Amino acid sequence: MALCRTGPYPIMESNSLAYSHRNLFVLPVPLHFARHRQSSNEGKRKHKGVCSSSLHGAASPSSMESHEEDLSAFSVCLEEETDHVVRFKMSDFKVLDHVSIGLGGRADEVVFEGEVKDSGSPLYNTRVILRQLYSTQAQRRGKRAIEVLKKLVRRKLLYHSYSMQVLGYISLPASDDSGSFILVHGYHGSFSLRHWLQQSDWLQTLEATLALDEESVRKVGEDTTGGPAISRQLRLIRMLMRDLLIGVNYLHSHGLAHTELRLENVHISPIDRHIKVGILGNAADFCEDGSNSGSMENMDRRQMMIAFDMRCVGFIMAKMVMGELMDPLIFAKFKSFLTKGNDPSCLRQLMLEILGRNSPYGNAGLQMLDRNWGAGWHLLSLLLATKPSERISCLDALRHPFLCGPRWRVVPSMDIIRWGLGCTAMRISEEYIYRQPQRSRLAHFIDLLEMLNPNPKPKNWLELLPGKWRLLYCTGKHVGLTLRQPTVRVLVGDLHLTVKRESMLKSNLSFVTDIGFRVMIGQDWPHDKAGKRGRVQVSSSFTLRAGRRLYLKQDNISEKLSFGPSGNEEALAQKFTSKKWRKITPFKEFPSSLPAAKLASGDLDVTMNLDDPLNQNIDTAKNVLQELRTQIPPELFDLSKVVCGTYVDSRLLILRGVNGSALLFTRSFVDTDSSS
């Protein structure tokens, strides 16, 4: 919370506040607390059944006649339900000249810093926060925070470590016109996590605030304290994320969900160097009305509430890693992408399109998430999974490779291994591939992915295959403009393959290849790539059936039985039987065949459009078409040469042609041709 100095007057009048602007953050004038009359403890009445311990049931606003009785009942119930915390008086505090209003966009609470001046109190000279709550909803949050403390008091040490310490309350008399309620909780620094991230030098300042020592470094598995800025930031984010997950898991293990995890509600305490998950004023119980926790309804409720918290943790992680998401416009695109039901495993493609290569933050977040074979993108996709049942839990997230240091021994799962292979192949394909070792390595990764295909059955392909895919790499022959002097110089852009399912009851699919290109005219084409735009579309229908891909051994005498352009099946078999890959492969010996999705093509339809004046010359159009057929993989120009699919998941696709070459695709969500 950001508390700003407002003047030398430490007292506030509760009746003098007028909230004309809901998003007002700092009060420009001094405020005063009203002198609260000390309510006498004599004559206390206990009303049985007047109010329940749950804070979700509010009094009806229509009962204006019994308003005074409701206020007295509220006061009595408050005393009954808050007997485990201290009831303070205003005279116990010295209110400091720091105040904040509308914390987290709320205009119904005012936050003050104070200091306990009661010499008989164990909190003497301790700095605290006085949170004055005005509306009925705000007072419910305050009472709920006290109620949660009563539930967690048996493990007070963990409660104080990972959430704000609720020390007590100040209840105003029933005759007071404001009817407000003041919650007293611990002071854990004036900055929330959002305010930390908005500082220009947040990394250096936060490292100094937390006073990172060698013990802290050892806990996250780092070798050195210093290092490049990316390594330092990654180390700090690991520490903050692990602390946050431990605190959230502490709540989940006690049957509570936070339900309000945001950057504004997360604080970092420089005293014990722990993340505080804020005031638990909106914490919800997994079980409603004390019913049986093992019932199916409560199990579903528990799963949904934990999934909601984990999604909020995912948003916090995304903003911590990618500082660009602190911009509301960019975060709106990020959140809209998930709201539309898109798979979060494709977030990297989305962020590359949004941020580009010239981010003012230097793309530090992309570099951190790309490290360790893209482990950060994998964790982020599990935290933000579309289906709540697929979201990762706190304990599993703490064991994830992204949050474990390089010296930790983490046994990766098959899913993480597949993810790492795919991310590495994608990053290699993003660079210019001129040398044979790079091409061989990429072809090797494609072979490994095919071996570890998680969706070999046709029904999986019918669910995952439809969509828009962008070609990343082809293992076949590569022909470009730099190797020859063609009659017409054509610069090929992105190649997209759009797959649609014609009927939900049948396995018929329609494939459409969309190829954007530019025809460069004149002698200045090495420097001027503007040219004239053109577009080619190739469409065909396919029938999907189950099939198998055979691995044929190469004959030493004749190469007619060679399958694929490189004929490296024996070398691949040797690598799979080696000690390095023996533990992760799902089979003991190299197989002779693997299941695949067989694609039987129908009729082809090819159309080409050219801008003026190229469309008026038939010979030029023929030369352009011939040049396209030379540069583009034949499987995309002639879809009938696509014979099978060997790998598919939510973000990657591998198709094989009749000559054995592999086409590696990634799922695309942005139409770059139309946007340009």
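Reader: What are the ground rules here?
Author: The model is predicted, with local features needing pLDDT of at least 70 and side-chain atom pairs pLDDT 80 or more, while totals for chains, interfaces and linings use all residues. Numbering runs from 1 along each chain as its sequence is written, and side-chain values use heavy atoms, without hydrogens and water.

Reader: How many cavities of 30 Å³ or more?
Author: Two. A cavity is a set of points on a 1 Å grid, over the protein atoms alone, where a 1.4 Å probe fits but cannot get out. Points join across faces, edges and corners, and volume is the space filled by probe spheres set on them.

Reader: How much space lies in the largest cavity?
Author: About 210 Å³. It has 19 lining residues, meaning residues with an atom within 4 Å of a point. Closest to the centre are Arg106, Glu109, Arg131, Asn265 and Ile279.

Reader: Switching topic. Which residues touch the most other members of the largest nonpolar core?
Author: Met322 and Phe334, in a core of 87 residues. Such a core is a set of buried Ala, Val, Leu, Ile, Met, Phe, Trp, Tyr and Cys residues joined through side-chain atoms within 4.5 Å. Buried means under 20% relative accessible area, with a 1.4 Å probe and protein chains only.

Reader: Which residues are in the second core?
Author: That separate core has 37 residues, including Leu509, Leu614, Leu628 and Phe665.

Reader: Ile417: buried or exposed?
Author: Buried, because its relative accessibility is 15%. Ile417 and Leu452 are 35 residues apart in sequence and 9.1 Å apart in space, C-alpha to C-alpha.

Methods: On a 1 Å grid over the protein atoms alone, a cavity is a set of points where a 1.4 Å probe fits but cannot get out, and a pocket is an open set with protein on both sides within 12 Å along at least five of seven lines; lining residues have an atom within 4 Å of a point. Buried means under 20% relative accessible area, exposed over 50%, partly exposed in between (1.4 Å probe, protein chains only).
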